[in-house]
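Here's a quick walk through this one, chain by chain and contact by contact. Have the viewer open and follow along.

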Amino acid sequence: MSSKAKFSLLCWGALMPLMVVILFPYATMLSTALKRKDEIFQFEISWLPDGLYLGNFVELFVNRGFGQAIFNSIYISVGATLVSLLVALPAAYALSRLKLPGKSTFRTYLLITQMISPIVLIVGLFRLFAYLGMINDLNALVFAHSAFYMAFAVWMLQSYFDTIPKDLEEAAWMDGASRFASFRRVFLPLCLPGIAVTSLFTFVNSWNEYAMALTILRDGSLQTAPVRIAFLTGTLYETEWNIIMAATLIATLPVAIVFASIQSYLIRGLSLGGVK
Amino acid sequence: MQATQTNDLAPSGRRARKPRESRNLSNLVFILPSIALSLTIIGYPIFEVLRMAVMDVNRFGKIRGFEGFGNFIKIFSDPVFIQSSWQTLIWTVSVVGGTVLVAVPVAIVLNEDFHGRSIARTIILLPWAVSLAMTALVWRFVVNGDFGTLNLALTQLGLPFNNHPWLADAQSAFAIEILVGILVSVPFTVTIILGGLTSIPVTLYEAAAMDGATRWQSLRRITLPMLSPFLQIAIVLNVIYVFNSFPIIWIMTNGGPANGTDILITYVYKQAFAFGKLDVAAAGSVVMFLMLLCFSVLYLFMTRNRSTDG
Amino acid sequence: MSIKKAGRLSTAICSIVGATVLMIGTSQGVFAKDTVRVRFAEYSTKTGPFFKDLAAEFNASQDDIEVVVEHLPWPEMQQQLITDISAGTAPDISHMATRWMAGFAVDGALAPIDDLMSDNFADTFVPTFLDLQKVEGQTWGLPIAASARGMFYNKDLLEQAGAAVPTNWEETQEAAAKIAALSDEIYGIGVQGAGLDTEGYWFYSLWTHGGDIVGPDGKSGFASEAAVAATQNYIDLIKSGVTQPGVLGANREDLQNLFTAGKLGIVLSGPWLNAQLSQEAPDLKYGIAEIPMATDRATYGVTDTISILADSEVKESSMKVLEFFFNDANRLAFGKNEGFVPVLNSMANEPYFTEDPNMAVFLDMSSVAKFAPLVPQWEEMAESLKTSLAKAYAGDEDPAVALAAAADKMNALMNE
């Protein structure tokens, strides 16, 4: 066995306990999502369903409008990611590179915006958006999410910017590039991994956010995936576990795809470090 | 963060400062959009909370009169509030501590070059892909005594957990909730640390290797110190998010049995939306905020000192 | 809704912009018919579609009123309604739990309907259920659903254990012990210790032991002698190991699922369990009897309410909609759909309720049904009761001591 293969085994071995705990609920979801409703609460339970029953997935998309909910979630999450990057990039750049009065006040302010849970702000948030006439408006969620998750984006980006040596940009200025050109050509490519991680964070948080989406989007056709799942299943007397599990599996997919695709940025970040 | 601290500490020459003041002010343009966005969205709700905290308010937020500190006195004389505060401390420290202990080694392993690394990374990040509410719901099913898959698996392994009711006493329920809390916080923390690891220049390790440092020594002397700003961020943010984390406990045990798993956020939620006491809930929120503020100030102060010492 | 509401709000703040929007809003109002927004909470996945169909039928039948139906799951209902009322975006008619109604009425969110109802409409209701919607002499809503509770028993398990259907708590204890002895996987009787309606499970015991929630002196009856005996009754079951394991972790659904799976001999539950059993365990042989007695015959009666909100601008049209929903045919269809006890006098002799043994017992028991009191702070009282019960069931505290704490809390809240 090559030494890399041995090392790989070692790494996988080290990660194994955590992976088991992570994958266990997924195994549960898969097993339950493939069961008929009457197979779940039986005297003898088993992992394997009686047959490969896909009816829960069909039910979700055909009768319960889950496709629409996924679309709403994607719209909000992408929108929130873009808006928060749009305001966070200049702020983080300024914090890292520019002279600015009240820098530490601004940093404290950002931290404070994170300290109050949206749950305790629900009544105020709802009144605000009602006043703005934005109840049942997907864009309300775009702004609400970006306002809550922007602080982290600034923080994270600034932290990345700080690790990029200043002399690289300075060298570019000396070569006659304008400040903006050096920002775009030298600085931006270097901090792409940081931007990727920041986007990931915002996207995922927005994707999973429940309390605000529940409160502001009332119309069934506007609900996001997590709210839809809760709505589909929360009748008074019974939880439909088979449907919940199927929906949760499906809601995981888009995010898992984003995770898988964004890793290349992380790895490129590593190789860039090697180039320097 | 460290780099800007040195910026702050070393203003570039007193004489140069005056003429450039206006330029510095114009730099505010960079941060104004972010301030405007968050002030618009979060500012008013925060004002509402502050106002309700000192008012006598009905269950729909209509003000009946001025209350002063009455609402605060009410919560501090409620034994459930005190109990919830202690449980919040246990919850936050256990979840954040556990998360960091798990996430740092995992991130270091994931930063190594091995076969199937991107698959491993995706798997580690998976818990983050599900909304907290859904995770909690799925786990409630997993740990169900009679029909849950945890007891099924443990029994199949020959362990005596057939029909064991995990959520029936406060201690084991709280322990399970803490484990779920750790599980969902790990991906976020691993991502931050992994981001930090990729930013450490390889040249540092090469130089250390040339000086004959072992892997362990480079880990201690290079990796961990270089990670410290990222760890700081991870800890502060995790404390804030975990302290305020609502769905896991709400969905798995609703704070029970006998308030044994209530934390402040579930306490406040019950006050507001079950008991119709928006004013008491607002006062509780303000107290929660002050607790977090004290923590953050203390923590940042302490770590700042340490990092300038080092 | 949004144009009108946005118009109203902005006039208050900014007159010029507001006035324009308001003009648009009212000009629409003049020509449009009354729109009545109705919000339902879901008892089952059938609830939403059922009322949507009814609304379509109503809209097609006349030209003055347009009904719009929204439906929500129960767990989100309370929070959504509170935020909506606080921001002025609530529907015209809303469904709610009757135990929230008193608080909502006292805080001015609901409209009294006594003067809105047409003549004789009130007389169509079973008086007990309509009376429950009254607080301070006025009627604040209509009983949209009513249920009583009974004792479900697994016929096969009782037979295997050689026990008869118990009628009192002593026999229940014996039967449960025999059933529990059958196997490690089988439990005698379910006792609920967590989640929604935990206090309700205790009321069965409280009332059959002759206790009351509010005592004759107008103070809390949580710590009366009967209450302590009622609690001891459950503690005895728990201690003797004839209940399901983990009483404090078991909510209503957990018990129902155990019964559905055939693992539980006896459970106290309501008519909705019939629906789950027919779907998921069609082969399970079960019967329903009255709640076991100690000194009294009793059951827990629960109603849900549908009310017109105080902020509604179309209260009269809303009442017309409600009267349509509550006509004999529609109510009967609803009752059959969800398996609830009749709330209209006309339904009481329907064969569906009297001839089906799985429904008849609930109808019989409605005459001895007792209800939770209509006091504004009920949710908080129930929560502290749950806490005390958990301590007593776990054996952490003596039942008398634990219940005294809940009684003190209730008395303090009644004085608020």
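A residue counts as buried if 20 or more other C-beta atoms lie within 10 Å of its own, and as exposed if 12 or fewer do. Keep in mind that this is a predicted model.

## Chain B overall

By that cut-off, 50% of the 310 residues of chain B come out as buried. Its secondary structure amounts to 14 helices and 2 strands.

UniProt, in an unreviewed entry, puts the feature "domain: ABC transmembrane type-1" at residues 85–299 of chain B. In the model, that span is 75% helix and 0% strand, and its end C-alpha atoms are 19 Å apart.

## A look at Leu292(B)

Is Leu292(B) buried or exposed? Leu292(B) has 22 other C-beta atoms within 10 Å, so it counts as buried. You'll find Leu292(B) in helix α14 of chain B, which covers residues 278–309.

Leaving out residues up to four places away in sequence, Leu292(B) touches Ile240(B) and Phe243(B) in its own chain, plus Met115(A) across in chain A. There's also Asn244(B), 48 residues away along the chain, with its C-alpha atom 9.6 Å from that of Leu292(B).

## Where chain A meets chain B

This contact takes in 89 residues of chain A and 81 residues of chain B. On the chain A side, the elements giving two or more residues are α1 (3–33), α4 (66–97), α5 (103–115), α6 (118–131), α7 (138–163), α10 (192–208), α12 (225–233) and α13 (241–275) of chain A. Which of them gives the most? That's α1(A), with 18 residues. Sorted by class, the side of chain A that touches chain B has 64 nonpolar, 19 polar and 6 charged residues.

For chain A, UniProt (unreviewed entry again) lists "transmembrane region" at residues 7–27, 74–96, 108–132, 138–157, 186–204 and 241–262. Two of these are worth a click. Residues 138–157 of chain A are 100% helix and 0% strand, with end C-alpha atoms 27 Å apart. Residues 241–262 of chain A are also 100% helix and 0% strand, and there the end C-alpha atoms lie 32 Å apart.

## Where chain C meets chain A

Over on chain C, 28 residues are in contact with 24 residues of chain A. The chain C elements that give two or more residues to this side are α1 (2–13), α4 (74–87), α11 (252–260) and α12 (272–280). α4(C) gives the most, with 6 residues. The class breakdown for the side of chain C that touches chain A is 9 nonpolar, 12 polar and 7 charged residues.

## Two domains in chain C

Chain C divides into domain 1 (33–147 + 304–362) and domain 2 (150–300 + 377–414). The C-alpha centres of domain 1 and domain 2 of chain C sit 30 Å apart. Between the two, 12 residues of domain 1 are in contact with 11 residues of domain 2. On the domain 1 side, α5 (98–106) and α16 (357–366) of chain C are the elements giving two or more residues, and α16(C) gives the most, with 4 residues. By class, that side has 6 nonpolar, 4 polar and 2 charged residues.

## Strands in chain C

Start with β6(C), residues 142–147. Why is this strand largely enclosed by the rest of the structure? Because 6 of its 6 residues are buried. β6(C) pairs antiparallel with β12(C), residues 302–308, over 5 bridges. One bridge there sets Leu142(C) against Ile306(C) in β12(C).

Elsewhere in chain C, 4 strands form an open sheet with mixed pairing, in the order β8-β9-β7-β10. At its edges stand β8 (187–189) and β10 (286–289) of chain C, each with a single partner strand, so one side of each has no neighbour in the sheet. From one strand to the next, the twist averages 25 degrees. Within this sheet, β7 (150–154) and β9 (264–269) of chain C run antiparallel, joined by 4 bridges, and Gly150(C) stands opposite Ser269(C) in β9(C).

Methods. Residues numbered from 1 in each chain as written. Chains lettered and ligands numbered in written order. Predicted model: local features only at pLDDT ≥ 70, side-chain atom pairs only at ≥ 80, totals over all residues. Contact = placed C-beta atoms within 7 Å. Nonpolar A, V, L, I, M, F, W, Y, C, P; charged D, E, K, R; others polar. Pairing = 2+ DSSP bridges. Domains from an automatic or database assignment. UniProt positions renumbered as here; feature names shortened; annotations may be inferred. Axes fitted to C-alpha atoms, helices over the stretch in contact; angles between N-to-C directions.
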